[in-house]
Amino acid sequence: MKNFDGTNHSLRNTLERLDFEPPVVAGLTGDELFTIALVLQGFSLLIFLPLIGFFTGIWVLAFGVSLIIGILSIGFVGRKIAKEKEKRPADIVWLDYRLMISGWFHIKSDVLTKNQNFSCERMKPVKKRKN
């Protein structure tokens, strides 16, 4: 499909072309799985490692438990996202999550307005003047 240049009145990507990477595990691509694993392991190490470490005083145990919690959460969240991807295209699912997270932190999201082109040529007929 030709890129939008203002004259052909077409979208850059159709919904069929959005999800083009092959799934690796449970309908998730490699990049999606790595991103989910990185974020969840990071959150578990940032949250559970200090909590368990300060309460028990055994930091090795705290590190191990936080890694196990992170691994279990990867499976849970991965299945949830895979089920969502079965219903809708992947980019739409990730866009919904991005909008939801920006709403949690009260950040203005430019998802729907960034890098968009619009033309009104078909909507308003041009009348030529007679001289």
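This is a predicted model: local features need pLDDT of at least 70, side-chain atom pairs count only at pLDDT 80 or more; totals for chains, interfaces and linings use all residues.
## Starting at Gln41

Gln41 has its place in helix H1. Is Gln41 buried or exposed? Its relative accessibility is 16%, so Gln41 counts as buried, the cut-off for that being under 20%.

Who does Gln41 touch, once its neighbours within four places in sequence are left aside? The list runs Ser66, Leu67, Gly70, Ile71 and Ile74.

Leu67 is found in helix H2. With 27% relative accessibility, Leu67 counts as partly exposed, because that class sits between the 20% and 50% marks. Setting aside neighbours within four places in sequence, Leu67 is in contact with Ser44 and Leu45 as well as Gln41. How far is Leu67 from Phe48 in space? The C-alpha atoms of Leu67 and Phe48 are 9.0 Å apart, while in sequence the two are separated by 19 residues.

Then there's Ile74. If you don't count residues up to four places away in sequence, Ile74 touches Ala37, Leu40 and Gln41.

## The nonpolar core

Ile74 turns up again in the largest nonpolar core, which has 7 residues.

## Where H2 meets H3

Two packed helices are described by the angle between their axes and the distance between the axes. For helix H2 (residues 59-87) and helix H3 (residues 90-104), the angle is about 125° and the axes are 8 Å apart. That angle makes H2 oblique to H3. As for handedness, H2 and H3 cross in a right-handed way.

On the H2 side, the contact is made by Lys80, Ile81, Glu84 and Lys85. H3 brings Ala90, Val93, Trp94 and Tyr97 to the contact. Sort the residues where H2 meets H3 by type and you get 5 nonpolar, 3 charged and no polar.

## Stepping back

How many helices and strands does the protein chain have? There are 3 helices and 0 strands, so read from the N terminus the pattern is simply α-α-α.

The protein chain has 131 residues, and 20% of them count as buried. Now take the contacts in the protein chain with a separation of 6 or more: 48% of these come from residues 24 or more positions apart.

Terms used. Residues are numbered from 1 along each chain as its sequence is written. Side-chain values use heavy atoms; hydrogens and water are left out. Axes are lines fitted to C-alpha atoms, for helices over the stretch in contact, and angles run from 0 to 180 degrees between N-to-C directions. Helices (H or I, at least four residues) and strands (E, at least two) are DSSP runs, numbered from the N terminus. Angles under 35 degrees count as roughly parallel, over 145 as roughly antiparallel, 65 to 115 as roughly perpendicular and the rest as oblique. A crossing is left-handed if the near helix is turned anticlockwise from the far one by less than a right angle, and right-handed if clockwise. Contact means heavy atoms within 4.5 Å. Ala, Val, Leu, Ile, Met, Phe, Trp, Tyr, Cys and Pro count as nonpolar, Asp, Glu, Lys and Arg as charged, and the others, Gly among them, as polar. A nonpolar core is a set of buried Ala, Val, Leu, Ile, Met, Phe, Trp, Tyr and Cys residues joined through side-chain atoms within 4.5 Å. Buried means under 20% relative accessible area, exposed over 50%, partly exposed in between (1.4 Å probe, protein chains only).
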